[in-house]
Amino acid sequence: MEFRYQIIYSFVATLLLLYWLQQNKRALSYSRTYINISPICVILIIFFTFFIGLRPESVGADTSQYIQNYEYEKGVVFQLNYDTENVIFDNLFTYLGSRNYDISELFLIMAFIYFACIYVACRRLFPQHQEIAFFSYLMAFSTFSYGVNGMKAGVGAALFLVALAYREQILLSIVFAALSVGFHHSMIAVAVAYVISYFYKNTKMFIYGWLVCTLLAIAHISFFQILFASFASDKANEYLTGVGYITGFRPDFILYSAMPILIGYIMLFKKKIRNELYELWLRMYLTTNSAWMLCMYASYTNRIAYLSWFMYPIVLLIPFYSIKTSNNQFVVGKKVVLYHMFFTLFMTLIYYRFIH
């Protein structure tokens with residue numbers, strides 16, 4: 001059932017992306033002037049909110065677990081609890097359960113926050129090309145999965161996208177970063193990467209660091225994985241030290257992760273393009289993806305990789321649809337979008353049909 005849901009989701013997103021790439025005649029503009037909200041994006045947010053939010057129990061490995069845990073909250077008097085890993089989500093979960101709301105209402109709320117925040121970030125970062133950015137993000141490898149299986153982490157990541165998109169309004173950025181951590185505690189690691197990337201701006205050193213971490217992963221050096229586990233939460237410790245689902249060296253994940261980095265290296269150090277916005281996103285991506293490299297042999301390694309992958313489409317598209325780099329960048333950008341789409345469809349097929 002989950003694979004059929006994934007197919008429908010990917011089919012809709014693919015058709016819209018291909019249609020918009022073909023029909024988009026808007027002149028290239030890289031100003032920060034914001035155009036109107038896109039009606040087609042709003043319709044898609046509503047459609048996917050109901051599509052994901054009203055999913056049956058058999059869609060998503062975690063869905064049945066959410067439903068089971070939700071039953072324990074039915075009829076229990078709600079008390080605000082600050083002593084919990086995910087303060088906002090856990091209290092929302094218990095509150096809705098205590099009021100005997102159906103679990104689908106929780107799923108609908110989470111799905112709406114997820115897709116709406118992704119769109120807000122895309123519109124903010126790519127005002128003239130918000131549809132292409134939004135549809136490309138929907139096509140990314142983990143977007144569907146983290147709207148369903150990693151629901152808490154997915155919403156946390158979507159909120160962090162907004163925090164990064166509004167980085168120039170620092171108070172608003174901090175608020176959304178805090179909300180992100182409130183939905184899932186793993187976003188603390190992303191917040192740390194944000195601080196590091198914001199203040200240390202030698203992007204080349206981040207690339208060198210990523211290469212070193214890749215070599216350590218190839219050499220199967222698990223020192224850092226054990227080190228991270230020593231101060232992680234119980235659930236994260238279980239991922240890092242336990243024997244679980246799909247462990248081992250993942251060259252496919254490395255190849256997938258490397259594409260934005262390769263493009264970043266070419267743009268910054270071959271074409272000599274400097275842009276504060278792009279470099280901040282690239283440094284954050286490099287930092288979080290390097291951390292995943294050091295934990296590659298953990299259980300459910302894709303969930304750790306998602307701490308960087310949720311930025312993947314944004315980092316990939318900024319050089320082509322957000323900043324002025326060359327006269328033919330729109331042509332190149334269109335090819336990058338198509339390659340990303342086809343590679344993602346291929347990865348999805350391999351992952352869900354032959355590995356999952």
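This is a predicted model: local features need pLDDT of at least 70, side-chain atom pairs count only at pLDDT 80 or more; totals for chains, interfaces and linings use all residues.
I take buried to mean under 20% relative accessible area, exposed over 50%, and partly exposed in between, with a 1.4 Å probe and protein chains only.

Residues are numbered from 1 along each chain as its sequence is written, and side-chain values use heavy atoms, leaving out hydrogens and water.

**Confidence.** I got a mean pLDDT of 87 for the protein chain, with 87% of its residues at 70 or more.

**Burial.** I looked up the burial next: 55% of the 356 residues count as buried.

**Ring pairs.** I counted rings of Phe, Tyr and Trp (its six-membered ring) as paired if their centres lie within 6.5 Å; planes under 30 degrees apart are stacked, over 60 edge-to-face, the rest tilted. The structure holds 34 aromatic pairs. I checked F160 with Y194: edge-to-face, 5.9 Å centre to centre and 75° between the planes. F160 sits in helix α8 and Y194 in helix α10, 34 residues apart; helices here are DSSP runs (H or I, at least four residues), numbered from the N terminus. F160 is buried at 0% relative accessible area, and Y194 is buried too, at 9%.

Then I took Y256 and W309: their ring centres are 5.2 Å apart and the planes at 90°, so this pair is edge-to-face. Because Y256 lies in α14 and W309 in α16, the pair ties together parts 53 residues apart in sequence. W309 counts as buried at 4% relative accessibility, and Y256 is buried at 1%.

How values were computed: pLDDT is the predictor's confidence in each residue, from 0 to 100. Helices (H or I, at least four residues) and strands (E, at least two) are DSSP runs, numbered from the N terminus.
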